[in-house]
Amino acid sequence: MKRKICAGLAMLMATALPSFAQQNDRLLQLLKSELTYNMGELQKQESKPYFMSFRVEDSYQATLVSSFGVTATADTTSSRVFIPQIRIGNMQLDNFKYNTQGGSSSARGKAPTAYLPKDNVSEAALKIAIWEETLRRFNIAEARYRGAQNTVADLGGQRRQGRMFLARSRGALLRAAAAPCRKPLRPCRLDPKAQ
């Protein structure tokens, strides 16, 4: 009986603690409200996004260098990176169609990021940083979407040209096949009947 109660309490804590932590996380709540607000604002544009997501990565790095058992240097760095994803178009054709990141990429192929302040004290500064990066990413996504539309149009034109070329080629082959065969002026040496 005690095992069942302990297992039940463990299950309750495992499911309740993450939801409790999410409700009390100020940054998460701010991101949710900004996502709703930014999506509403961008819906007023000519190119409307059909999907948006925000991702924040907190990074902490500690470096310790020692020589012969003595600490030479000890350093810690931390950063908070904001990465919005915006999809313009529809599921069949969007700004990710011919570009995996949907935006401009760095030399390593990763999408560029924006840094957010580590302290959650200044919500106004966070909102401004989130909006500026979202708007920058939207402009990139819009340009990539236009590029994807042009690529599809170009591919469609190439296909039409290819079909026209094949039709012309087939017509020429059919005309050549229908023409009477001409006899060579002199027989070929390799022809066994000619010898």
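1. Strand 1 and strand 2 (residues 70-88) run antiparallel and are joined by 18 bridges. Strands here are DSSP runs of E with at least two residues, helices are runs of H or I with at least four, and both are numbered from the N terminus; two strands count as paired if DSSP finds at least two bridges between them.

2. The model is a predicted one, in which local features need a pLDDT of at least 70, side-chain atom pairs count only at pLDDT 80 or more, and totals for chains, interfaces and linings use all residues. Residues are numbered from 1 along each chain as its sequence is written, and side-chain values use heavy atoms, with hydrogens and water left out.

3. On confidence, pLDDT is the predictor's score for each residue, from 0 to 100. The protein averages 75, and 60% of the residues score at least 70. Among the elements, helix 2 has the highest mean (93) and helix 1 (residues 2-24) the lowest (57). Where pLDDT is low, the predicted coordinates should not be read in detail.

4. The protein contains 3 helices and 3 strands, arranged along the sequence as α-α-β-β-β-α. The strands make an open sheet in the order 1-2-3, with antiparallel pairing. Its edges are strand 1 (49-67) and strand 3 (114-115), each of which pairs on one side only. Helix 2 (residues 26-42) packs on the sheet and touches strand 1 and strand 2, its direction making about 140° with that of strand 1. Contact means heavy atoms within 4.5 Å; axes are lines fitted to C-alpha atoms, for helices over the stretch in contact, and angles run from 0 to 180 degrees between N-to-C directions.

5. The largest nonpolar core has 18 residues, and Leu-31, Phe-54, Phe-82, Ile-86, Ile-88, Leu-116 and Ile-130 have the most contacts inside it. Such a core is a set of buried Ala, Val, Leu, Ile, Met, Phe, Trp, Tyr and Cys residues joined through side-chain atoms within 4.5 Å. Helix 2, strand 1, strand 2 and helix 3 (123-178) each give two or more residues to this core, and helix 3 gives the most, with 7 residues. Not counting residues up to four places away in sequence, Phe-82 touches several residues, including Leu-31, Phe-54, Leu-116, Ile-130 and Glu-133.

6. Buried means under 20% relative accessible area, exposed over 50%, and partly exposed in between (1.4 Å probe, protein chains only). The side chain of Asn-95 reaches the backbone oxygen of Ile-86 at 3.0 Å and the backbone nitrogen of Ile-88 at 2.8 Å.

7. Leu-28 belongs to helix 2 and is partly exposed, with a relative accessible area of 25%. Its C-alpha atom is separated by 9.9 Å from that of Arg-55, 27 residues apart along the chain.

8. For the protein as a whole, buried residues make up 22% of the 195 residues. Of the contacts with a separation of 6 or more, 64% are between residues 24 or more positions apart.

Terms used: Polar contact = N/O pair within 3.5 Å; in protein donor to acceptor, adjacent residues only side chain to side chain.
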